[in-house]
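This report describes the fold and the confidence of a single protein chain. Please consult the sequence and the coordinates shown below while reading.

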Amino acid sequence: MGKPKPPRPEWLEQHLARYRFDELRNDGLVHLPREVWKVMRHAELCALANPADSASSYRAPAAEDDWHPAHGSLPRAAYQAALQIGALLKDKHVAGVRAHLASVPGRGQDDGAARWQGLVERMSHPGLQLSSGQPAGPDLAVAWFADTYRQTDPVRRVGIVPDLAAFEGRMRAVGAVLGWLEYVGELFAHQRVRGRGLELDGLALRLNCAKTGPRAYCLKVTLFLWGEAPPAERSGRSGPGVEVEVDATWAARLARSVGALRAPWAELMWAFGEFDDVDCSRRRLVFRPGWDMRKVQVPTAGLVDDAGDTSARVLVFRSFVMPSYDVERDGRMHALGQAVRAIAELIEPPEVVFSSKRQFHWDAQLQRSGRRDAGMSLDQFGAAFQACDDLRDYHFNLDDSHCAHYMKRLDLGGYVPLVERSWGYDLAHLKNFDGLHELYLAFFRPEDSPAGIGTVDLFRSPYQAVPGFLRLGWTEREKSRLFLETFWAGTAQHDAVTRALEIAFADWMVGEYAKKQADAGETVEDWKDKTWANDVRRKAAALSEKLLDVPMGGNGAKVAPFELNGDNVYRAFVEKMASTSESSVS
């Protein structure tokens, strides 16, 4: 990736390993009921399980989650262990932990007291406020585990490790148990990152490292866009104030997630840097619609795996003029731009994917209302599409407009961003994505589209976005390819679309001829000349290598090229030119 190899993270080996289950049982410092030891042992074995080992008896329980209103979905085994440990913690123990944190030197600009206050705020309910009269132990234990599991920014994260020696007397046993929660939190975080993915602190980003071959991996960061305010929060209020409040909440969550991304990403890069034959060149940024966790309703069937960003696609039209945002005044757009730049700096993503699958898609409300795959709102899609322009390398060029663009592949995921021009509808501009080589676009018919146009109508003029992207003969676009995602199976529909594309390409070449005349200011070679016949056939052959048919959502499915017949294209070109000439004479 062209960046220096980050230093090896050592907290797990040097510090957390001392809090393993066997270490705690053998040193005699911690005395717990047998039932609690049993639950802790089960949680640790689940955390150590390999998600790819189908023979492991701990694989299934390791993947099970429970829902917590403040922390989202947590591994069930660790969550239950934290609750049982927390039930043994009295208010005096919680006060002792708070006093301990206040005495620990700060990390960066933060101090222990601020980290404690941050933990209380992240709880989003008063469980840790001792004056509430509620038992604080369970909330403390769960929050302590979640802070490590969610990979909270180390500057803000609470932690005992490696300061156990600062505890005195019986509080050392409390510190040791909290250290075990950190240890299991790290284990589960690593397991989820290398499995179905880990939602980071703030729940606005997910990090996933999926194995795609014997020595190949796809490193993926999913960005969840803002959710909706709960109905109770919106009742009786309207106007910009409500939106600003929701914007600020989401922006704060996104900033927390970006801060939590750095440590696990550095560890992944260190792990891959140890092996020269490992391929981690596939690095993907995924945009998905979010969902406010405060109104989540857990279904009776329990939580379902939330993995996958290319499945269950639907055709979603976004017919609009691309929104013009004032980045300094729009809180969401400003936060999104900062986050995308930070992600670009870390992962340099050559792939970008848009997905309709909503965060927490198993939510009972979403299932009942049919909104699970309703897709992004107009504002969400417009903001994310526009933010893609920030995926640039800003390190070596102070002129932002000429910085290299990381994005090589753009998968619109079933979305069709149409903009209305003076002469009709067109695909949203792609000219800012100057490094783009592969585009995945859903195929649609005129009757499918609210604009009354079909995919082939996006090919009819050299001034349109798709011909501009393909740019036959231009050196920087020689490798460009357009994948048309189709809903059919079989050759009849494929052949029919091929014929339609031939007609559309003939229109394209008619426009190319008119464009050359306009640019030259005089008549160019006669369209009946052999030079034009050869040019049309040559470009039709080149276009056949760039237009490919791929099943919708069929990642890895067989790809079939649309083989345009040059003679058919030329005949259509001649007919259209003759018709144009006759109409101009008359």
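In which sense do strand β9 and strand β12 pair, and over how many bridges?

## Pairing within the sheet

In this predicted model, strand β9 (residues 409-411) and strand β12 (residues 438-442) run parallel to each other, paired over three bridges. Leu 410 has Leu 439 of β12 as its bridge partner.

Both strands belong to an open sheet of 10 strands with mixed pairing, ordered β3-β4-β5-β6-β8-β9-β12-β13-β14-β15. At the edges lie β3 (198-199) and β15 (560-561), each of which pairs on one side only. Helix α12 (residues 331-347) packs on the sheet, where it touches β4 (205-213), β5 (216-224) and β6 (279-288). The direction of α12 makes about 170° with that of β5.

## Overall composition

The chain comprises 18 helices and 15 strands. Of its 586 residues, 53% are buried. The accessible surface is about 26400 Å², with 51% of it belonging to carbon and sulfur atoms. Among contacts between residues at least 6 apart in sequence, 74% join residues at least 24 apart.

## Confidence

The mean pLDDT of the chain is 77, and 72% of the residues reach 70 or more. Among the elements, helix α5 (residues 76-88) has the highest mean pLDDT, 94, whereas helix α10 (residues 231-234) has the lowest, 44.

Over residues 1-9 the pLDDT is below 50, and this stretch has 20 contacts in the model beyond near neighbours in sequence. Residues 125-132 also stay under 50, with 21 contacts beyond four places in sequence. Where pLDDT is low, the predicted coordinates should not be read in detail.

Conventions. Residues are numbered from 1 along each chain as its sequence is written. This is a predicted model: local features need pLDDT of at least 70, side-chain atom pairs count only at pLDDT 80 or more; totals for chains, interfaces and linings use all residues. Side-chain values use heavy atoms; hydrogens and water are left out. Two strands pair if DSSP finds at least two bridges between them. Helices (H or I, at least four residues) and strands (E, at least two) are DSSP runs, numbered from the N terminus. Contact means heavy atoms within 4.5 Å. Axes are lines fitted to C-alpha atoms, for helices over the stretch in contact, and angles run from 0 to 180 degrees between N-to-C directions. pLDDT is the predictor's confidence in each residue, from 0 to 100. Buried means under 20% relative accessible area, exposed over 50%, partly exposed in between (1.4 Å probe, protein chains only). Accessible areas come from the Shrake-Rupley method with a 1.4 Å probe; for residues, only the protein chains shown count as cover.
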